[in-house]
Amino acid sequence: MENEKNAKGGRAAMSGRARLWLKGGFLAAALAMAFFAGREFWELRHYKETVVSAPGLTEVKMLSDYLGSLKGTWMDTPIFVYDSGVPGGSALYMANVHPYEPATSLSAYIMMENIKVSKGKIFVIPQGNRSGSTTGMLGNAYPKFFHVKTDFGEKQYRIGDRGTNPLDQWPDPFTYVNYPSKQNLAYQDIRNMNRTYPGRKDGTLTERASFAIMELIRREKIDISIDAHEASLMYPVVSTYVAHERSFELAMMAAMTLSAETFDMKCESSPKGLRGLSHREWGDYSDTLAVLMETPEPFIDRVVGPMTEELFTEGKDEFLATAAKHGLTYHPYKIEFGSPLWYRCGRHLSGAAAAITWMGQFFPEKEIIAEWPGYKDLEAHDCGYFLHDPAKADGKLVFKI
């Protein structure tokens with residue numbers, strides 16, 4: 001009997017030790033997963049993209065120069081100024097307001113690395129919502145980065161979220177009320193920079209950034225402001241200029257020119273009943289000619305298959321091709337071509353150039369003469385051809401964003 005009790009006690013003790021080891025193993029596994037997941041978040045949060053500016057750079061400002069409360073926040077972002085010194089017009093090219101549309105920021109980098117301005121002045125903001133570029137969209141299993149091949153190796157760029165990182169602005173309300181229109185929008189639009197214009201200087205972080213953009217446009221007396229975006233092919237406004245009524249005619253002429261000479265482009269007037277967007281509020285709250293551009297990005301279509309880097313860079317998807325065959329897309333789509341990165345960047349670059357050119361036609365005193373690679377250049381050489389090696393560049397022209 002005594003031996004039997006001892007045996008039971010020994011088994012109980014061993015069982016307790018086994019449970020302890022099991023719990024320890026689960027804890028170790030959880031800590032390991034937390035470490036690796038945390039490292040993934042940290043990497044995207046702190047990764048910086050490198051751009052080599054063309055020699056014509058005359059000044060680098062920060063968004064906080066137009067609203068001091070942004071200084072030291074993740075929404076403070078650089079503004080690159082290319083001033084010819086010759087009187088003329090001024091233009092703003094703004095990219096990556098929605099950082100899950102990063103062909104816009106790549107187009108800005110290509111512009112910056114090759115720009116030559118011989119009349120007027122151009123402002124470039126390659127990271128409109130810098131905070132949003134430091135996180136991925138929750139619930140979407142897509143890669144953190146995409147890569148562009150160059151003669152000096154691959155360059156790596158971020159793929160971010162649609163809105164401001166929740167680490168920087170939280171929580172979201174049940175309904176977002178745009179200021180000052182009081183229009184009710186979706187709760188997540190409080191972190192959507194293209195729903196928070198004209199912004200508030202004492203509002204949320206996103207609203208303050210939007211206010212600072214408005215201040216930039218007003219203080220610098222920007223003649224034409226271009227907001228670069230990408231859209232799903234099942235979105236009606238894909239491959240389109242959306243223009244404020246004061247800039248509608250020049251945008252329409254630019255669209256007609258592009259459609260006749262290079263690629264199909266539509267033009268729509270900014271609806272007065274939809275508030276918070278750049279093409280509406282930029283024009284209403286400043287004297288600028290406000291234009292938004294959309295290019296076709298299959299990566300953000302809801303019907304596509306795996307969210308891979310290849311889908312982002314090549315834009316080829318069999319499910320989207322099936323949707324196109326059934327007339328469900330608003331942009332022609334064939335899987336043999338897809339919607340590659342060079343195509344989207346080229347549309348942005350030529351689209352911006354056409355709008356600026358037509359502004360000069362309508363308003364000769366606002367003429368801007370500038371050069372950078374366009375659609376046909378990228379079609380011939382791809383994106384990486386126009387990027388420069390930071391290791392061989394003048395250090396004063398190399399920036400990490």
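# Close-up views of a predicted model

**View 1. Strand 7 and strand 8 form a hairpin, with two residues between them.** The model is predicted: local features need pLDDT of at least 70, side-chain atom pairs count only at pLDDT 80 or more, and totals for chains, interfaces and linings use all residues. Residues are numbered from 1 along each chain as its sequence is written, and side-chain values use heavy atoms, with hydrogens and water left out. Strand 7 (residues 145–150) and strand 8 (residues 153–158) run antiparallel and are joined by six bridges. Threonine 150 has glycine 153 of strand 8 opposite. Helices (H or I, at least four residues) and strands (E, at least two) are DSSP runs, numbered from the N terminus; two strands pair if DSSP finds at least two bridges between them.

**View 2. The whole chain, for orientation, has nine helices and 16 strands.** A box of roughly 110 × 50 × 50 Å, taken along the principal axes, holds the C-alpha atoms of the chain. Of the 401 residues in the chain, 53% are buried (buried means under 20% relative accessible area, exposed over 50%, partly exposed in between, with a 1.4 Å probe and protein chains only). Among contacts with a separation of 6 or more, 74% are between residues 24 or more positions apart; a contact means heavy atoms within 4.5 Å.

**View 3. Eight strands form an open sheet in the order 2-3-6-4-11-14-12-13, with mixed pairing.** Its edge strands, strand 2 (59–62) and strand 13 (266–269), each pair on one side only. On average, neighbouring strands of this sheet are turned by 20 degrees against each other, direction ignored. Helix 4 (residues 248–261) lies across strand 11, strand 12 (240–243), strand 13 and strand 14 (289–296), and runs at about 165 degrees to strand 13. Axes here are lines fitted to C-alpha atoms, for helices over the stretch in contact, and angles run from 0 to 180 degrees between N-to-C directions.

**View 4. Strand 11 is mostly covered, with eight of its eight residues buried.** One side carries Ile224, Ile226, Ala228 and Glu230, the other Ser225, Asp227, His229 and Ala231, and all of these are buried. Strand 11 pairs in the parallel sense with strand 4 (residues 90–94) over four bridges; alanine 91 stands opposite isoleucine 224. The pairing of strand 11 with strand 14 is also parallel and has eight bridges. In that pair, methionine 293 of strand 14 is the bridge partner of alanine 228.

**View 5. Serine 278 lies in helix 5 (residues 278–284).** Serine 278 counts as buried because its relative accessibility is 0%. Its side chain makes a polar contact of 2.7 Å with the side chain of aspartate 227. A polar contact is a pair of N or O atoms within 3.5 Å; within protein, one must be able to donate a hydrogen and the other to accept it, and residues adjacent in sequence count only if both atoms are side-chain atoms. Leaving out residues up to four places away in sequence, serine 278 touches Asn194, Tyr197, Asp227, Gly283, Ala290 and Leu292.

**View 6. The axes of helix 2 (residues 103–114) and helix 8 (residues 341–362) come within 9 Å and cross at roughly 65 degrees.** Ala103, Thr104, Leu106, Ser107, Ile110 and Met111 of helix 2 meet Leu341, Arg344, Cys345, His348 and Leu349 of helix 8. By class, this contact has seven nonpolar, three polar and one charged residues. Ala, Val, Leu, Ile, Met, Phe, Trp, Tyr, Cys and Pro count as nonpolar, Asp, Glu, Lys and Arg as charged, and the others, Gly among them, as polar.

**View 7. Two cis peptide bonds are shown, from tryptophan 170 to proline 171 and between tyrosine 197 and proline 198.** Proline 171 is in the loop between strand 8 and strand 9 (176–177), and proline 198 in the loop between strand 10 (184–185) and helix 3 (205–219). Most peptide bonds are trans.

**View 8. Lysine 221 has a positive phi, near 55 degrees.** Lysine 221 lies in the loop between helix 3 and strand 11 (224–231). With a relative accessible area of 63%, lysine 221 is exposed.
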